[in-house]
Amino acid sequence: MNKIPFKNFTKSLIVITILVNIISGNLLAQSKNPSPLNFPTPKNIDNMLFYIQRDPNVNTAIYAINYQEDGKIDKSNPIKAYWIRYAEKGEKKDLTYMQRKFAYGIESKTVNNEEFELQFVSYKKLSLTLKKIDSDQKYHVFVSVNQKKIQVEKIFVRIEGGSFWLPNVKYAEVTGIDASSNKTITERMVL
């Protein structure tokens, strides 16, 4: 066997291996969030705790602290939820009655003066905690997913078809700060 063709073969094999690895990495990244939509990141939202984005559009549900006029949290309704309708020029709109009662609304229960238990009306298996943190004297929402306590920043819900009453939810991903490492993480829940 001639050395020149073998040398070219080796170089070609290395190039092919590198290309396959690059393409595979891109496919893995795409499979993590297969939504074809480019979701905006909400910015400069007063008292925002976290937000939810989901298929089939870029409209974003915002969850913020509900302060009373005196500056104290409304203990009977500590969180207000509303839309930023990015698909409609970024308009802010309240959730509809149906959305509040059956999909995106949150129920709360007071634990003590600075802590509340929360549940989405549409998925009561996921228990969240709203509490004021000593380090910054601000409220944050926490959840445990895959044995990790996360300070929630955003939730992405992958929906493939279905209807309003029975959406075909494939999974939800919670992104936030890992309470034990203080690093940003994303954990997936198959629903």
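**Figure 1. K124 is partly exposed, at a relative accessible area of 42%.** The model shown here is predicted. K124 is a salt-bridge partner of E107. The closest N and O atoms of this pair lie 2.6 Å apart. E107 sits in strand β5, residues 106–112, and K124 sits in strand β7. The two are 17 residues apart, and the pair links distant parts of the chain. Is E107 buried or exposed, or does E107 fall in between? The relative accessible area of E107 is 38%, which makes E107 partly exposed. The cut-offs explain this label: buried means under 20%, exposed means over 50%, and partly exposed lies in between. Why can such side chains pair at all? Side chains of opposite charge can do so when their charged atoms come close.

**Figure 2. E160 forms salt bridges with R158 and with K170.** Start with R158. Its closest contact with E160, N to O, spans 3.3 Å. R158 is buried, with a relative accessible area of 10%. That value falls under the 20% cut-off, so the label is buried. E160 is partly exposed, at 37%. Now turn to K170. The closest N and O atoms of E160 and K170 are 3.8 Å apart. This pair, too, links distant parts of the chain: E160 is in strand β9, K170 is in strand β10, and ten residues separate them. K170 has a relative accessibility of 36% and counts as partly exposed. In the chain, the count of salt bridges comes to eight.

**Figure 3. The largest pocket has a volume of about 770 Å³.** Its lining is made of 28 residues. Which of them lie nearest the centre of the pocket? They are Y104, S122, I159, P167 and V169. Several elements give two or more residues to this lining: β1 (48–54), α2 (97–102), β7 (123–133), β9 and β10. Which of these elements gives the largest share? Strand β9 does, with five residues.

**Figure 4. P167, in strand β10, touches I159, G161 and G162.** These contacts leave aside the neighbours of P167 within four places in sequence. P167 is partly exposed, with a relative accessibility of 35%. Look back at the pocket. P167 and I159 are among the lining residues nearest its centre, and the two are also in contact with each other.

**Figure 5. Six residues make a nonpolar surface patch of about 700 Å².** The members are Y97, M98, F102, F164, W165 and L166. Take F164 as one of them. Where in the chain is F164? F164 lies in the loop between β9 (148–162) and β10 (167–178). F164 has a relative accessible area of 43%, so F164 is partly exposed.

**Figure 6. Q68 lies in the loop between β2 (57–65) and β3 (79–85).** Q68 counts as partly exposed, at 36% relative accessibility. Which residues does Q68 touch, not counting those up to four places away in sequence? The answer is I73 and D74. Now find P78. Q68 and P78 are ten residues apart in sequence. In space, their C-alpha atoms are 9.4 Å apart.

**Figure 7. The whole chain has two helices and eleven strands.** Along the sequence, the pattern reads α-β-β-β-β-α-β-β-β-β-β-β-β. How much of the chain is buried? Of the 191 residues, 34% are buried. The accessible surface of the chain comes to about 12400 Å². Carbon and sulfur atoms account for 52% of that surface. Contacts give another view of the chain. Among contacts with a separation of 6 or more, 34% join residues 24 or more positions apart.

Definitions and conventions. Residues are numbered from 1 along each chain as its sequence is written. This is a predicted model: local features need pLDDT of at least 70, side-chain atom pairs count only at pLDDT 80 or more; totals for chains, interfaces and linings use all residues. Side-chain values use heavy atoms; hydrogens and water are left out. Patches are made of residues with over 30% relative accessible area and no salt bridge: like charges are joined within 9 Å, nonpolar side chains (Val, Leu, Ile, Met, Phe, Trp, Tyr) within 5 Å. Accessible areas come from the Shrake-Rupley method with a 1.4 Å probe; for residues, only the protein chains shown count as cover. A salt bridge is a side-chain nitrogen of Lys or Arg within 4 Å of a carboxyl oxygen of Asp or Glu. Helices (H or I, at least four residues) and strands (E, at least two) are DSSP runs, numbered from the N terminus. Buried means under 20% relative accessible area, exposed over 50%, partly exposed in between (1.4 Å probe, protein chains only). Contact means heavy atoms within 4.5 Å. On a 1 Å grid over the protein atoms alone, a cavity is a set of points where a 1.4 Å probe fits but cannot get out, and a pocket is an open set with protein on both sides within 12 Å along at least five of seven lines; lining residues have an atom within 4 Å of a point. Grid points are joined across faces, edges and corners, and a volume is the space filled by probe spheres set on the points.
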